[in-house]
Amino acid sequence: MPKQPNKIIKDRKIIDDSWSVVSDDVDKNDIPADGDIIFSVDFWVKNQKHLESRSNGRLGLMLESTDEINLFSDNLGLFDIISINFPAFADGRGYSVARLLRERYHFQKEIRAVGDVLRDQLFYMYRCGFNAFAIREDRCIEDALNAYNDFTVTYQAASDNLNPIYRRA
Amino acid sequence: MYIYSEHDQKILDERVAQFRGQTERWSAGDLTEDEYLPLRLQNGLYEQRHAPLLRVCAPYGNMNTQQLRKLAHIARTYDKGYCHITTRTNIQFNWPAIKEVPNILEELATVQMHAIQTSGNCIRNTTTDHFAGVALDEVEDPRPWCELVRQWSTFHPEFAYLPRKFKIAVCASTEDRSASLVHDVAIHIVKNDAGKVGFKIFVGGGLGRTPLVAAPIHEFLNQEDLLSYLEAILRVYNRYGRRDNKYKARIKILVKALTPAAFKKQVEEEWAHLKDGPIKLTAEAIAESKSYFQDPDYENLPAENEELKQKISTDRAFGNWYRINTHAHKKQGYRIVTLSMKKTAVAPGDVSDQQLEDIADLADQYGYGEVRATHDQNLVFSDVKQADLFNLWQALEKLGFATANIGMITDITCCPGGHYCALANAQSIPIAEAIQRRFDDLDYVYDLGELSLKVSGCMNACGHHHVSNIGILGVDKKGKEYYQVSIGGTTRQKSAIGRIVGPSFERTDVVDVIEKIIQTFVDNRHEGETFIQVYDRLGMMPYKERIYAKATQ
Ligand code: SF4
């Protein structure tokens, strides 16, 4: 699970990150009782009852690019964030996962790109439904904001614009 | 030909600016070599043996003369005065300086050209028949569909980081002139029993280490569903294609592992969600794309031209050229002309700045200002009046593009190989030249008839050797160049992968081996049979026996 930087881009702004990651080896009795926590799909499947019974704090999922959505799709409403990990810059699976979450499962909350995330993927990620980006810590997060403006015209239907160019007014 | 809308131009200009920024960050050290790599690849910029290589896209092979002149200018200004037509109907520059590439792209953008997605693990330039729109045997013009696919695939945000490259070909004719079945996806335009035009979809073809012919997965797709179906295929591939081993990452491996039937099932489950969504093509979108590919203002000309007939019978060289390098045209009084870029001792597909300009002048004079690149590395003028053929032939003779060998043994397709390519195991261009020299008797070449010969410098198979009647592949054996020879590949009437004849040969023996294969064919053929027909009838044995006879003496 990648380390979360302290600052992220969300909805075109740089903000402090409020989420803490709970790693897979944490015992269910050691799960923090409050605060916003994020964990893997495995962890969710294993500790679902316990996690649901927390009274304070929000829940979030951290997906690997191979995770199947149907493992948690029945409970999507319980999550305030879904992070999708990019193990490498050139691993494109997360783009499909984000579009499916947005366009097929109508997940409306935060979808965050984490891992090997650089300015140069941001525009496509944004088009695929990501609204938050944990830019790799060794890179300038302010510079990454510019990527929203890389293109002003697009051809395809995607999460940012459900109509392809031939159906736009 | 397609003309950019204001949107197309805007996207392209923004791309040039984006790439300029990326290149600047790379040279300032803000992007590492590894990070810059996929970015520059998506812009057609490779590292190779001596210098970077820039691959410029000719969408489905079409170019106008303004674009040719721009390519000439770029060859002269930024390169060594020539460029190269690739087997994917693109144009390569072999010696640009990386720092100049943003400037080159900016120049290209002024004539609606670019290098977008000409390399990298993304959807590449869609290819089609170089006789599209003028062929006698097509259901309808495939180019409007290519253009719709081009727009859909350009900067597709979901499919920019696929497991591996992805190539789509569209075929609308009885004879498959684009080798469509060795592409990741082949779209065949077909007419069903009710007379309706739609698509038959094939997946999982490809060359390289595991050459495979694509398998059909959908018999008849309605026109408005083309892009949703492609999107479903790509999504399944993007999610489930292998990423752990680059040699097993093409879609063909996934299709083979799952079986075509199981792959189809996954695609169609996905497609069910997309089919009637906004991606569905509208009648207006289809009509608009078609509006760009209307016939030029053809004249009403007589079918027969007496003067031409007479020239054909009296001037033998012209007659040969007419028979071999020109093809029937759907419009009476016109012919399709192929310019042979396969003159002996010229690297197949190489063309100089001056030649590009001369070709542009001829295309303006005789060919409605348009030129097409073919996957056999030749150029085509698609609409030439019969009455102009003799003059055009004379002009092409002077330029060296009238070698009457299209489709013959000396019309060799050949990758750049060890001359330029960093991946090459062996030279390919000198092999092509040696074969052309051996078969220099034109009458003998004509007597051999239709026969394809293709050379690749390594297993990447850019020369398409697998699907050639005779294929030659450079291999490395303990640091020494060897050549593997295969026979029986074809893509035209049907698609088949050639079979390797046996142990590979040293460079000095290759031409003799080819000659033995040809002699075996000549000795065994029945009246009127082509090379591939004889091979299909006899199988490999007689060729093998002849080739290896000496070695066992
Ligand atoms: S086949 Fe191999 S040697 Fe030839 S151009 Fe392709 S990668 Fe290079």
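1. The contact between the two chains draws 44 residues from chain B and 37 residues from chain A, where contact means heavy atoms within 4.5 Å. The model is a predicted one, in which local features need pLDDT of at least 70 and side-chain atom pairs count only at pLDDT 80 or more, while totals for chains, interfaces and linings use all residues. Residues are numbered from 1 along each chain as its sequence is written, chains are lettered from A and ligands numbered from 1 in the order in which they are written, and side-chain values use heavy atoms, with hydrogens and water left out.

2. Together, chain B and chain A bury about 3600 Å², with 53% of it on carbon and sulfur atoms; buried area is the accessible area (1.4 Å probe) that two parts lose on being put together, summed over both. Of the area that chain B buries against chain A, 21% is supplied by P157(B), Y161(B) and R239(B), more than by any other three residues.

3. The side chains of R243(B) and D91(A) meet in a salt bridge, at 3.8 Å from N to O. Between chain B and chain A, 23 residue pairs are in polar contact, both residues being at pLDDT 80 or more. A polar contact is a pair of N or O atoms within 3.5 Å; within protein, one must be able to donate a hydrogen and the other to accept it, and residues adjacent in sequence count only if both atoms are side-chain atoms.

4. On the side of chain B that touches chain A, two or more residues each come from α1 (6-27), α2 (33-41), α5 (143-153), α6 (226-240) and α8 (260-274) of chain B. Helices (H or I, at least four residues) and strands (E, at least two) are DSSP runs, numbered from the N terminus. The largest share, 9 residues, is given by α1(B). By class, this side has 17 nonpolar, 12 polar and 15 charged residues; Ala, Val, Leu, Ile, Met, Phe, Trp, Tyr, Cys and Pro count as nonpolar, Asp, Glu, Lys and Arg as charged, and the others, Gly among them, as polar.

5. Within chain B, the axes of helix α12 (residues 353-366) and helix α13 (residues 389-399) come within 11 Å and cross at roughly 180 degrees. Axes are lines fitted to C-alpha atoms, for helices over the stretch in contact, and angles run from 0 to 180 degrees between N-to-C directions. The helices α12(B) and α13(B) are therefore roughly antiparallel (angles over 145 degrees). Q355(B), D358(B), L362(B) and Y366(B) of α12(B) meet N391(B), L392(B), A395(B), L396(B) and L399(B) of α13(B). This contact comprises 6 nonpolar, 2 polar and 1 charged residues.

6. D353(B) forms a salt bridge with R76(B), the closest N and O atoms being 3.1 Å apart. D353(B) lies in helix α12 and R76(B) in helix α3 (residues 65-78) of chain B, so the pair ties together parts that are 277 residues apart in sequence.

Conventions
Salt bridge = Lys/Arg side-chain N within 4 Å of Asp/Glu carboxyl O. Parallel < 35°, antiparallel > 145°, perpendicular 65-115°, else oblique.
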